[in-house]
Amino acid sequence: MDTRELRISQAMPFAIDEINNSSDLLPGITLGYQIHDTCASVPLTVQVAFQFTNDPQPLSGNSNVSHFATCACLSDKTQYPTFFRTIPSDQFQADALAKLVKHFGWTWIGAVRSNSDYGNNGMASFLRAAHKEGICVEYSESFNRNDPPSKIQQVADVIRRSTAVVVVAFTATGDLRFLLEELTRNPSSPRQWIGSEAWVTDPEVQRFGICAGAIGFAIQQSVIPGFREYIMDLSPAKVSASHLLTEFWEGSFNCKLGKQDDLGNRVCDGTEDLQQLQNPYTDTSQLRITNMVYKAVYAIAHVLHSLVCKKINSTIQCDRSIKVEPVQVLDQLKSVNFSRNGYHVSFDANGDPVAFYELINWQRNENGVLEYVTVGHYDDSLSLGQKFTIRRNISWADGGTKAGRTIH
């Protein structure tokens, strides 16, 4: 688990600590949690999922509220009747990307995607939407970080030889990084990159100058009061109690917790200072997916509250002895409707939230450093013709700029 993912994962214990200390939500009830690192491995993820479902002491419900699974396929309730998510479906993003491309007059484009459910389904949705907008696709290539270098080079060569100057990339960050590294070795003429939400605000690809001028949709930036203080307050005991935090701590400070190992590595002596670190874990300026985790935890808490708590004479009383059945959790999730820190949480008939995206543009600041600049928004709750607005100038790959306006 990288440092950015570790920071995101800490939103769950943070939210649970808030709930466990709340007098309004589940008072007297203590929630617990487990965190597992998928290591970007499908088999490992499936193994852990089976461990949960086969637990001799099952959890209170079998519904899922995902914070990061965006595939439009998951909105199909005939196949996934118990699936809910706090992150929008890629169908909304695909439609918005097609409208964005059409708006700027790009009718001849290239397309690359991760060879995964995310990339393949997301790109399929985009290509259908692009076809309706009259956009032609010169090539559509798939790849994966685990492909041999020759495959990555092959995709890069397709881009280099193409006449399309616009490249739509529906990829995971870990995949795109390998392609960008190959393109950087032998760069061609500038390409206008159009990004999906998985990579367009990820610092792992921000170092690639060939993506200057990139534009794409991102999950709304958010503020979670107290979260930075929480993740920065790591005592030795708290770190030692978590395998993930131990790995992060030892890797960040190049020391070993506890006794010196056989390799002679330095023992952490307590002088390590998180405030001095410059990495994605300590950077809370771009809280996007983090808020999706936070909202998912609160959604489940609100469901449990509605099932085991009642207000009697202005006092909330919760019955710990009530056994919550999975079907009850499923039914209550359908009617969840609350706000937290100014962010609304509810689900439609498909288990999806209202789609809201920021339009992000990679612009160079006065020091020549690439920065993420929010230049517009997409809000699916608004009426047709008002959903998509560009409010600031956009910087393009060729150095030009374009003024913003509403996209119909």
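Helix axes here are lines fitted to C-alpha atoms over the stretch in contact, and angles run from 0 to 180 degrees between N-to-C directions. In this predicted model, α11 and helix α12 (residues 326-334) pack with their axes 9 Å apart, at an angle of about 115°. The chain also holds 15 salt bridges, several of which are described below.

**Packing of α11 and α12**

- Angles of 65 to 115 degrees count as roughly perpendicular, so α11 is roughly perpendicular to α12.
- The crossing of these two helices, α11 and α12, is right-handed.
- On the α11 side, the contact is made by A299, I300, V303, S306 and L307.
- On the α12 side, Q328, V329, Q332 and L333 take part.
- By class, the contact between α11 and α12 has six nonpolar and three polar residues, and no charged ones.

**Salt bridge R288–E358**

- R288 and E358 form a salt bridge in which the closest N and O atoms are 3.0 Å apart.
- R288 lies in the loop between α10 (243-253) and α11 (289-308), while E358 belongs to strand β12 (residues 356-364), so the pair ties together parts that are 70 residues apart in sequence.
- R288 has a relative accessible area of 3% and is buried.
- E358 is buried as well, at 7% relative accessibility.

**Salt bridge E18–R340**

- The side chains of E18 and R340 meet in a salt bridge, with an N to O distance of 3.2 Å.
- This pair links distant parts of the chain, since E18 sits in helix α2 (residues 11-20) and R340 in strand β10 (residues 337-340), 322 residues apart.
- E18 counts as partly exposed, with 21% relative accessibility.
- R340 is also partly exposed, its relative accessible area being 31%.

**Salt bridge E250–K256**

- A salt bridge joins the side chains of E250 and K256, at 3.3 Å from N to O.
- Buried means under 20% relative accessible area, so E250, at 18%, counts as buried.
- K256 has a relative accessible area of 26%, and is therefore partly exposed.

**Salt-bridge network**

- A network of salt bridges links four residues: D157, R160, E182 and R185.

Terms used
Residues numbered from 1 in each chain as written. Predicted model: local features only at pLDDT ≥ 70, side-chain atom pairs only at ≥ 80, totals over all residues. Heavy atoms only, no water. Helix = DSSP H or I, 4+ residues; strand = E, 2+ residues; numbered from the N terminus. Buried < 20%, exposed > 50% of the residue type's maximum accessible area, 1.4 Å probe, protein only. Parallel < 35°, antiparallel > 145°, perpendicular 65-115°, else oblique. Left-handed = near helix turned anticlockwise from the far one by under 90°. Contact = heavy atoms within 4.5 Å. Nonpolar A, V, L, I, M, F, W, Y, C, P; charged D, E, K, R; others polar.
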